[in-house]
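Subject: Structure handover

Hello,

Here is the structure I promised you. Please open it before you read on.

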Amino acid sequence: MNNATHGASFPLLNDYQRDFPLVSEPFARIGAAQGLAEAEVLAQYRRLQAEGLVSRIGPVFAPRRIGVSTLAALAAPPERLEWVAERVSTHPEVNHNYGREHRYNLWFVATAPDAQRLQAVLGAIESESGCPVIALPLEEEFHIDLGFDLGAAGRQRAAVPGKGGGLVELSAAERTLMAVLQGGLPLEQRPFRTLAERAGMTEEALLATLQGWLERGILKRFGVVVRHHELGFTANAMCVWDVPDARASELGARLAAESDVTLCYRRRRSLPDWPYNLFCMIHGKAREEVLARRQELADRLGLDAWPHDLLFSTRRFKQQGACYARHDELRQVGHG
């Protein structure tokens with residue numbers, strides 16, 4: 001992404017990843033705030049999406065609130081990695097699928113409406129690939145998908161308290177809306193009215209539902225979902241430590257406060273193959289930059305007193321929003 005494009009579009013990319021206006025004409029509201037005509041806002045978002053810098057504008061659902069998910073990994077023979085990755089990516093339940101530098105060289109996130117479906121997907125992947133799969137479900141979140149602040153490197157992050165709560169049961173109308181939202185917001189003057197028609201509800205009811213989901217913690221955020229690799233953040237590493245469980249919450253909270261950390265959580269170990277329980281992601285524009293940031297954080301927090309590892313991403317095979325809707329619900333609204 002060139003600097004001129006970045007400068008002109010920076011507020012549209014950065015400022016509306018959260019707090020996107022949930023109003024009838026959101027792009028007019030954004031234009032009023034940015035000193036732009038509504039048509040110019042729409043034109044810029046269409047261009048950013050066409051260039052691959054924006055994945056979509058839409059909801060990011062909180063993990064463990066409306067379904068189940070897990071991070072999983074397998075060790076594919078290097079000569080079969082691309083074939084195995086292709087098979088894994090064909091599953092609609094898989095939303096992220098990355099190659100990484102490790103014996104466990106393929107890492108993916110799978111989501112499903114319920115545990116039974118999730119286990120079926122993992123079992124199918126294991127059977128198809130011929131590779132044992134380790135599942136590392138989330139146990140505690142410290143910082144997950146509250147956006148990708150493009151200007152925050154090196155700054156302390158303000159705490160954003162989570163809403164918490166367990167699994168919620170959505171109504172039939174809410175589940176239909178969830179499926180409708182899968183493709184993101186149409187880039188038009190009244191996008192919520194279009195989605196409401198597809199969901200069989202009024203625009204007012206749709207906006208009220210989205211606001212309610214935010215307030216109840218069902219959504220982490222509603223807004224612009226950027227593609228960090230296309231924005232120049234081409235290096236990323238998953239940093240892991242095997243810390244005492246009694247210290248994990250404290251250390252995770254301290255890591256999550258660092259703006260260099262883009263994701264941070266505690267996950268279940270998978271012994272004896274995977275002993276690590278504290279995870280964070282660091283993104284940067286170069287490998288050396290990520291290494292330096294990781295080492296500075298580890299030194300300052302004393303993290304490397306415990307066993308640790310570092311897994312740089314080698315290839316992105318798949319990246320899309322998590323899908324908790326059932327296949328029949330997606331087909332009903334034309335997404336499957």
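Below is what was found in it, from the whole chain down to single residues.

First, the ground rules. This is a predicted model: local features need pLDDT of at least 70, side-chain atom pairs count only at pLDDT 80 or more, and totals for chains, interfaces and linings use all residues. Residues are numbered from 1 along each chain as its sequence is written, and side-chain values use heavy atoms, with hydrogens and water left out.

**The whole chain**

The protein chain has eleven helices and eleven strands. Both are DSSP runs numbered from the N terminus: helices are H or I with at least four residues, strands are E with at least two. Of its 336 residues, 52% count as buried. Buried means under 20% relative accessible area, exposed over 50%, and partly exposed in between, with a 1.4 Å probe and protein chains only. Take the contacts with a separation of 6 or more: residues 24 or more positions apart account for 77% of them. Contact means heavy atoms within 4.5 Å.

**The cores**

The largest nonpolar core holds 39 residues, and F27, Y45, W213 and F222 touch the most other members. Such a core is a set of buried Ala, Val, Leu, Ile, Met, Phe, Trp, Tyr and Cys residues joined through side-chain atoms within 4.5 Å. At least two residues of this core come from each of α1 (3-14), α2, α3 (38-50), β1, α6, α7, α8 and β7. Another core lies apart from it, with 22 residues, including A248, A256, C264 and W306.

**Helices α7 and α8**

Helix α7 covers residues 191-199; P191, F192, T194, L195, A196 and A199 are buried there. Their cover includes α2 (26-34), α6 (172-180), α8 (203-216) and β7 (219-226). Just after α7, G200 takes a positive phi of about 70°.

α8 has 14 residues. E203, L206, L207, T209, L210, G212 and W213 are its buried residues. What covers them includes β1 (54-61), α6, α7 and β7. G217 follows α8, and its phi is positive too, near 80°.

Which residues does W213 contact, leaving aside neighbours within four places in sequence? They are F61, L170, E174, L177, M178, L181, I218 and L219.

**One arginine**

R294 lies in helix α10 (residues 287-301). Why does R294 count as buried? Because its relative accessibility is 6%. Beyond neighbours within four places in sequence, R294 is in contact with C239, W241, I282, D304, H308 and L310.

Best wishes

Technical notes: The expected span of a helix is 1.5 Å times one less than its number of residues.
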